[in-house]
Amino acid sequence: MVAAIVIILVVIILGALVGAGRMFKVVQQYEQGIIFRFGRVLPGTRGPGLTIIRPFGDRMQKVNMQIIAMAVPAQEGITRDNVSVRVDAVVYFRVVDPIKATINVQNYMFAISQQAQTSLRSIIGQSEMDQLLAERDSVNRELRRIIDEPTEGPWGIRVERVEIKDVSLPEGMKRSMSRQAEAERERRARIITADGEYQASKRLAAAANVMARDPAALQLRLLQTVVEVAAERNSTLVMPIPVELLRFFDKFTPTAPAGDKRSAADSESLADFGDVEQAEAEIEGGAPLEIPEVPPIPELPLQATNGKLAAAAVGPLPDAVARPNDDAADSGA
């Protein structure tokens with residue numbers, strides 16, 4: 001009898017413990033609790049903390065209210081400009097109505113994944129390749145709108161953000177885009193170079209105008225260039241002399257009087273013989289020039305072999321002397 005009472009007490013205690021375990025539920029801070037009483041959902045949700053429910057007939061289901069990041073598998077499609085691409089994305093969403101997310105959708109995680117994939121393929125067909133590559137923000141907003149439209153109202157799930165992670169292009173398209181970018185860079189480089197040449201030519205024209213008005217500026221610039229070259233410790237210095245510099249020196253060279261018609265060659269010949277100014281003064285004063293006496297020319301000895309040539313050179317000879325020579329010449333002939 002005592003043993004039966006003990007067994008009954010143990011069963012009662014165990015039942016109480018089980019009932020107490022079913023009565024007390026703990027809801028985390030990031031969760032919401034839904035109470036099912038005999039299969040029907042009670043209005044309202046249970047917040048975080050300790051919650052007491054009926055041990056028999058009530059069942060609590062907890063719903064996570066955190067933002068969930070779901071990766072969308074890469075989807076292949078053809079853009080509006082007939083380019084084959086492969087795009088993958090990520091979707092950030094959270095549950096805003098736990099009752100709808102639990103009752104209206106069997107598995108809202110799988111439903112959101114399928115909706116994101118179909119919406120991604122749809123946005124690929126509506127967009128161009130340049131929009132997918134350059135206008136990511138507008139594409140993300142449109143993709144979020146397409147995914148969020150059927151989910152927030154009936155499903156109780158709000159899509160917070162959608163981001164396209166990567167856009168894969170065919171290799172041929174990548175090479176074409178590389179050539180296009182290279183050509184564009186080369187065009188910009190040529191334009192910048194031409195613009196620089198144009199600006200430099202305007203500056204040089206202005207500098208030439210200043211130097212033309214004041215030739216001393218050209219000389220100073222030339223001297224500055226010589227100083228810059230000499231600073232490099234070169235053993236040989238090649239210095240070009242511009243024509244403007246010669247004109248500058250010619251401007252300050254004294255000119256001859258208007259009545260003087262002597263040529264530069266005459267001046268150079270007079271400079272070779274001594275004082276040019278003294279010689280010019282003697283010529284202009286009319287003083288006779290002193291001509292030095294010429295010494296007598298010595299007579300040359302007669303060494304001609306031809307008698308006629310010797311006679312012509314010496315002069316006429318006496319007949320007695322000339323006749324024998326003529327006879328000898330005749331006999332020889």
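Predicted model: local features only at pLDDT ≥ 70, side-chain atom pairs only at ≥ 80, totals over all residues.
Q: Why is T102 called buried?
A: The cut-off for buried is under 20% relative accessible area. T102 comes in at 19%, so it counts as buried.

Q: Which residues does T102 touch once its neighbours within four places in sequence are left aside?
A: I34, F36, Q61 and V63 are the ones in contact with T102. Contact here means heavy atoms within 4.5 Å.

Q: How do you know that the charge of R59 sits over the ring of F36?
A: For distance, CZ of Arg must be within 6 Å of the ring centre. The charged end of R59 is 4.7 Å from the centre of the F36 ring, and it does sit over that ring.

Q: How many aromatic pairs are there?
A: The count comes to 0. To pair, ring centres would have to lie within 6.5 Å.

Q: What makes β2 and β3 a strand pair?
A: Pairing takes at least two bridges. Strand β2 (residues 31-37) is joined to β3 by 2 bridges, so the two count as paired, and they run antiparallel. F36 takes part too: its bridge partner in β3 is V41.

Q: Why are β3 and β5 said to stand at the edges?
A: The open sheet has 3 strands in the order β3-β2-β5, with antiparallel pairing. β3 (40-41) and β5 (58-64) each have a single partner strand, so one side of each is left without a neighbour in the sheet.

Q: Where is the predictor's confidence lowest and highest among the elements?
A: Helix α12 (residues 307-314) has the lowest mean pLDDT, 44, while strand β7 (residues 84-95) has the highest, 92. Over residues 263-276 the pLDDT is below 50, and that stretch makes 5 contacts beyond near neighbours in sequence. Residues 317-333 are also below 50, with 1 such contact.

Q: What is the average pLDDT of the protein?
A: It's 77, and 73% of the residues score at least 70.

Q: How many helices and strands are there, and what share of the residues is buried?
A: You'll find 13 helices and 8 strands. Of the 333 residues, 20% are buried.

How values were computed. Residues numbered from 1 in each chain as written. Heavy atoms only, no water. Phe/Tyr/Trp six-rings, centres within 6.5 Å; stacked < 30°, edge-to-face > 60°. Lys NZ or Arg CZ within 6 Å of the ring centre and 35° of its normal. Buried < 20%, exposed > 50% of the residue type's maximum accessible area, 1.4 Å probe, protein only. pLDDT = per-residue confidence, 0-100. Helix = DSSP H or I, 4+ residues; strand = E, 2+ residues; numbered from the N terminus.
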